[in-house]
Amino acid sequence: MSSKRLPGKVLFKLYGKTILEHIVERLKQSKKIRNIYILTSKSKNDDPIVTLSKKRGFNYFRGSQTDVLSRFYEAAKPLDFDFIIRCNADNPLIDYSILDQMVEEFLNQNYDYLSTILKPTFPSGIHIEIFKKKILNLAHENCKSLKR
């Protein structure tokens, strides 16, 4: 909600639904995703995201606004799964078929991390990151941030 360039963009409406709702609907078409979680901050500015999530029955987690690594770590800690897929709300054009192909590649090659971001492969709006939960835990344990 506190985007510098376009505040509130995830709740902008397109064809009667918010961008966030469109993203979740697109992700639900994936054959490789079991659970979808909306990760947002504890900032009051993000209360409307939580309100929408409750209304639509979306799983959500609230964490640090500035420490995204910590937010992911805390959200993932109690959950039982091996890898995480990150598709942020800046990517309303997420393609579930590309995501499914990436998950297959990630699992078949036993990668720790796979992304369309490091070596841009697709246009902006389709960014996907996949990483093992153990790598998230390792990054969190070894982070040398002044904020911690």
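I began with helix α3 (residues 68-76), where I found S70, R71, F72, Y73, A75 and A76 buried. For me, buried means under 20% relative accessible area, exposed means over 50%, and partly exposed lies in between, with a 1.4 Å probe and protein chains only. Helices (H or I, at least four residues) and strands (E, at least two) are DSSP runs, numbered from the N terminus.

A note on my source: this is a predicted model, in which local features need pLDDT of at least 70 and side-chain atom pairs count only at pLDDT 80 or more, while totals for chains, interfaces and linings use all residues. Residues are numbered from 1 along each chain as its sequence is written, and side-chain values use heavy atoms, leaving out hydrogens and water.

Next I asked what the buried residues of α3 pack against. I found β3 (37-41), β4 (59-63), β5, β7 and α5, taking contact as heavy atoms within 4.5 Å.

Then I turned to the sheet. I saw 3 strands forming an open sheet in the order β5-β7-β6, with antiparallel pairing. Its edge strands are β5 (83-86) and β6 (113-115), and each pairs on one side only. On average, neighbouring strands here are turned by 10 degrees against each other, direction ignored. Two strands pair if DSSP finds at least two bridges between them; β5 and β7 (residues 129-132) have 4. I also looked up I84 and found its bridge partner in β7 to be F131.

Helix α5 (residues 133-142) lies across β5 and β7, at about 80 degrees to β7. Such axes are lines fitted to C-alpha atoms, for helices over the stretch in contact, and angles run from 0 to 180 degrees between N-to-C directions.

On to the backbone. Most residues other than glycine have a negative phi. Y15 has a positive phi, near 50 degrees, and lies in the loop between β1 (13-14) and β2 (17-18). Is Y15 buried or exposed? Y15 counts as exposed because its relative accessibility is 84%.

N110 also has a positive phi, near 55 degrees. I placed N110 in the loop between α4 (96-109) and β6. Its relative accessibility is 54%, so N110 counts as exposed.

Last, how many disulfides are there? I counted 0, a disulfide being a pair of cysteine sulfur atoms within 2.5 Å. I checked C87, which is buried with a relative accessible area of 18%, and C143, which is partly exposed at 29%.
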